[in-house]
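Here's a quick briefing on side-chain contacts and surface charge. Have the coordinates open while you read.

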2 protein chains.
Amino acid sequence: MLKSPLQIARQSYQPKMPKALMGHVVLREGQATQSVADQEEIQKLFPNTYGLPLLTLDSAPGEQQSDAINVGVILSGGQAPGGHNVICGLFDGLKKMNPDNKLFGFLGGPSGLIEGKYEELTSDVIDEYRNTGGFDIIGSGRTKLEEEWQFDEGIKVCKQLGINAIVIIGGDDSNTNACVLAEYYKQKKCGIQVIGCPKTIDGDLKNEMIETSFGFDTACKVYSELIGNIQRDANSAKKYWHFIRLMGRSASHIALECALQSQPNICIISEEVEAKNLTLQDIVDQIAIVVAERAKVGQNFGTVLIPEGLIEFIPAMRRLIQELNDLLANNEEFVAMEGDDAKREYIKSMLTPASCELYRSLPKAIAKQLTMDRDPHGNVQVSLIETEKLLIEMVGKKLAQMKASGTYVGKFATQHHFFGYEGRCAIPSNFDADYCYSLGQTATQLIIAGKTGYMAIVRNLTQPAAEWVAGGVPITMMMNMEKRNGKMKPVIQKALVDLNGKPFKYFEEHRADWADADMDYIYPGPIQYYGPTEVCDQPTHTLLLENA
Amino acid sequence: MLKSPLQIARQSYQPKMPKALMGHVVLREGQATQSVADQEEIQKLFPNTYGLPLLTLDSAPGEQQSDAINVGVILSGGQAPGGHNVICGLFDGLKKMNPDNKLFGFLGGPSGLIEGKYEELTSDVIDEYRNTGGFDIIGSGRTKLEEEWQFDEGIKVCKQLGINAIVIIGGDDSNTNACVLAEYYKQKKCGIQVIGCPKTIDGDLKNEMIETSFGFDTACKVYSELIGNIQRDANSAKKYWHFIRLMGRSASHIALECALQSQPNICIISEEVEAKNLTLQDIVDQIAIVVAERAKVGQNFGTVLIPEGLIEFIPAMRRLIQELNDLLANNEEFVAMEGDDAKREYIKSMLTPASCELYRSLPKAIAKQLTMDRDPHGNVQVSLIETEKLLIEMVGKKLAQMKASGTYVGKFATQHHFFGYEGRCAIPSNFDADYCYSLGQTATQLIIAGKTGYMAIVRNLTQPAAEWVAGGVPITMMMNMEKRNGKMKPVIQKALVDLNGKPFKYFEEHRADWADADMDYIYPGPIQYYGPTEVCDQPTHTLLLENA
């Protein structure tokens, strides 16, 4: 098997660890916890795992040992850099405690648990995946663990393998499900603990207890590298406006972090669009004004960052999409209709006047995207909408009007980009490699201590790794009740960009400068694994600002 | 001005240099040269710069000094990582020789020389651009220096600034023009020397004397980083085929190098397509076969690399494009026509039967692209054709047929990518930083020695930088006569991928394995500037194989 020189070099990288995870680790219990909201309902739903105390790990003298245990691990949902290192940390933690401890990986995500598809992760396997990107060690999947029959199948499989604990590495939904599973297993007294780990490049699994989810650091650095390179090109060729859409299901954390790293001329933050009740045309107009201002001094180039989730944060667009979803779900009349024009006319005749107006104003290709390509529930697949092309077309139209009225003199040539798959499986940055390895080691400690319904956490992340604080937080503490598919459900609150938080405030304060023709772009360059610590060990700007 | 940590760290990087460029440098003359072909015609066109000897630089004891001179430098054509370092090497070389030497940068490409737009490059300016990507220090442009009035304007500007020599940093066309300029100035005895430097990310400025053009190394490494990341994602999610188009005007060097670095499942090489007289359908069928083979073992994912220039290397496509160019140039009837369908019918009625057949077989959106968006000469802008989408659509169709006939069982979900602007202005790799700095220093030596019509070259590039061999090669030596826009012109031969060369042979030998489901991808990761030398100082696989 051929490997790149960097792959080979990274195999021997030893992740940095907090002092608290060295030697004999002890758990200190903090105060009992409450859920962030809806305490009564959450407590009722999680009688066995509600109100548990916070846990902090600490190092004590002596060696630590345990009876032999078997642990299962699951990767859930979209890839994020560092997932392999959580597993490596877990493995090393288990083996340090007792060489007879075993780690099983469930294959292809949560379905591996239900279907009994697994692989024992031995040191041969683990060593191949140290400090690597991807989730390919055992694969991931999007099956949701939500139903009792799934839980019961899981018990059977675990009993068969002698598994005492399951670690679920996932985002907010997967950790919510981890907690439901923990509660069920505790109630059934089946002796299977469940521990969660906070993963997602989107950065929206973040709260008082979780400073950042893993993978966000690496993914944002890869996207920022590319944005910086494109900006240097724009500034050299001086002929293109680059519209760059960035992955991120819903929140704009990625776009904001990339903006902080690279200082683009324009960055749209979905949460602000929603808070200010902006229309699509408002956004288009704002972009056009910056383009026109820069054109006045001959700067017919620039960069625009667009969060993938934007469309759904524009209130009028959301209403249109909702109407289309209601209209087109199981609509056989529509499906049977022949010809794009007929379909378009039909839709226009069925929409409310406001939505019809918006629908008519969209470029035809985009309007068509809104009515095609529906997911299995009949909903528009918003992530497939090429918002960068939509904005290019509408800004171009607006600029043509401005040119006609004499308020714009310039050339508007464009390039478009979408970055997502380029960063989700990158080789983890030192930060993510270290953070994830510590999360894995922390999960081991929670398991050994017999805990369940906890998420492994590592905090104090803007300090050197030695000073990081490891611990456990009851998953119920992060929950509230939210409506999902029409039903109230206990879920972990998703963290959108806080418009009063320091990262957004910094952006808000500086963005007018960044739009300016005299301002320099920042060129972050590629992630460095070796070299000066300020080059290769920095956390994200978001984390630094939040903890400043 | 805010900078990223890597930007700051790179400012103090001291490029490695060949021993021959240290201390007192002397020139050794080799044999007189001949052009690669059409010797008589080339000699007739370049009476003053033809047949010059090869030059090799060597280090001698003692200090080197010169009378004060002024030099102008021009960046020509598309950006390539390392351009700034050529200028830095030139600057440092000049200043070492005589602190009174001056370097002027002509702004915005060759037009800066004609229009007298320039900036003196002082150490303050230079220090800001050491080891950085981009051409923004003085900007670049695509104006061609071809006509006598331009040359005469250049003389005026140079006289005004006391400029003794011009360094033109560009690709094959720019260096051809550099030679024409050198010849003209020599003939006019105006005392202005002209020296070229071999730049282009495309890698097609390569011959017996030039081992590689600068920028190719960095750009390919950036693209390979992204391809590797995508492959890790494909291999983790196991649900998408990623079709990735790679920049490169014409030759497939970039696609080939990226394939050697990352081992994709499929990589198309335009030169092979042409040599084998393949049709578009042949290419589609080849891809579909690999997709179907992998699907048999449940591997419904993979990667396909597509060189940007592919379309023009498919003989039947080239004929279609030629017919469309002839048909649509200044065709006002066509422009006035209303409706896509009418235009489509008109075109079909005018094409030859074979071209019509091909035109009809193309997805409608692509067929439309072929007839819209024409360049100022009325030609199809081939680079705008989204070949990756074309292939996705046609492969999908083919697979549907195969499914119907029972020869394909699988799911074909896709993602598409185009990488170009992401790499052209990346921070140069150590290789390109070192190579370019040495090229600049070499250019200084050629100037001091009074040479003109030479290209600065640095060879032996697979050895450590200290062992590199610097010298000068008469530009006429690389020329032959080719038809351009209907006229025979002296031009530097463009190097396409050599189907008998070692890089292609290696690829040919291994590609069946790479398509295989058992084969591992290679994950190159991002360019490293620090750390183990095997990680941060390797040249391209192409260069290593060619010199193996």
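What follows covers salt bridges, then aromatic pairs, then a charged patch.

This is a predicted model, where local features need pLDDT of at least 70, side-chain atom pairs count only at pLDDT 80 or more, and totals for chains, interfaces and linings use all residues. Residues are numbered from 1 along each chain as its sequence is written, chains are lettered from A and ligands numbered from 1 in the order in which they are written, and side-chain values use heavy atoms, with hydrogens and water left out.

**Salt bridges**

- Over all chains, the count comes to 64 salt bridges, each being a side-chain nitrogen of Lys or Arg within 4 Å of a carboxyl oxygen of Asp or Glu.
- B:R249 pairs up with B:D172, and their closest N and O atoms are 3.6 Å apart. That pair links distant parts of the chain, 77 residues apart: B:R249 sits in the loop between strand 8 (241–246) and helix 9 (253–262) of chain B, while B:D172 belongs to helix 7 (residues 172–187) of chain B. (Helices, H or I with at least four residues, and strands, E with at least two, are DSSP runs numbered from the N terminus.)
- B:R249 is partly exposed at a relative accessible area of 43%, whereas B:D172 is buried at 2%. (Buried means under 20% relative accessible area, exposed over 50%, and partly exposed in between, with a 1.4 Å probe and protein chains only.)
- B:K221 and B:D217 meet in a salt bridge of 2.9 Å, N to O. They are four residues apart in helix 8 (residues 216–237) of chain B, so about one helical turn separates them. B:K221 and B:D217 are both buried.
- B:E293 and B:K296 make a salt bridge of 2.8 Å, N to O. These two are three residues apart in helix 11 (residues 280–296) of chain B, so again the separation is about one helical turn. B:E293 counts as partly exposed at 44% relative accessibility, and B:K296 counts as exposed at 61%.
- Over in chain A, salt bridges with shared partners join A:D172, A:D202, A:D204, A:R249 and A:K494 into one network.

**Aromatic pairs**

- The count here is 24 aromatic pairs over all chains. (Rings of Phe, Tyr and Trp, the last by its six-membered ring, pair if their centres lie within 6.5 Å; planes under 30 degrees apart count as stacked, over 60 as edge-to-face and the rest as tilted.)
- A:F504 and A:F507 form a tilted pair, with 5.8 Å centre to centre and 55° between the planes. Both belong to helix 20 (residues 502–515) of chain A, and because they are three residues apart, about one helical turn lies between them. A:F504 is buried at a relative accessible area of 2%, and A:F507 is buried at 1%.
- B:F334 and B:Y346 are also tilted, at 6.1 Å centre to centre and 35° between the planes. B:F334 lies in helix 14 (residues 332–336) and B:Y346 in helix 15 (residues 340–350) of chain B, so the pair ties together parts twelve residues apart in sequence. B:F334 counts as buried at 5% relative accessibility, and B:Y346 is buried at 12%.
- Ring pairs also link A:F151, A:Y184 and A:Y185 into a cluster.

**Charged patch**

- Which residues gather in a patch of negative charge on the surface? They are B:D513, B:D516, B:D518 and B:D520. (Patch residues have over 30% relative accessible area and no salt bridge, with like charges joined within 9 Å.)
- B:D516 lies in the loop between helix 20 (502–515) and helix 21 (533–536) of chain B, and counts as partly exposed at 38% relative accessibility.

Note on methods
Patches are made of residues with over 30% relative accessible area and no salt bridge: like charges are joined within 9 Å, nonpolar side chains (Val, Leu, Ile, Met, Phe, Trp, Tyr) within 5 Å. Accessible areas come from the Shrake-Rupley method with a 1.4 Å probe; for residues, only the protein chains shown count as cover. Lys and Arg count as positive and Asp and Glu as negative; His and the chain ends are not counted. The place of a charge is taken as NZ of Lys, CZ of Arg, CG of Asp or CD of Glu.
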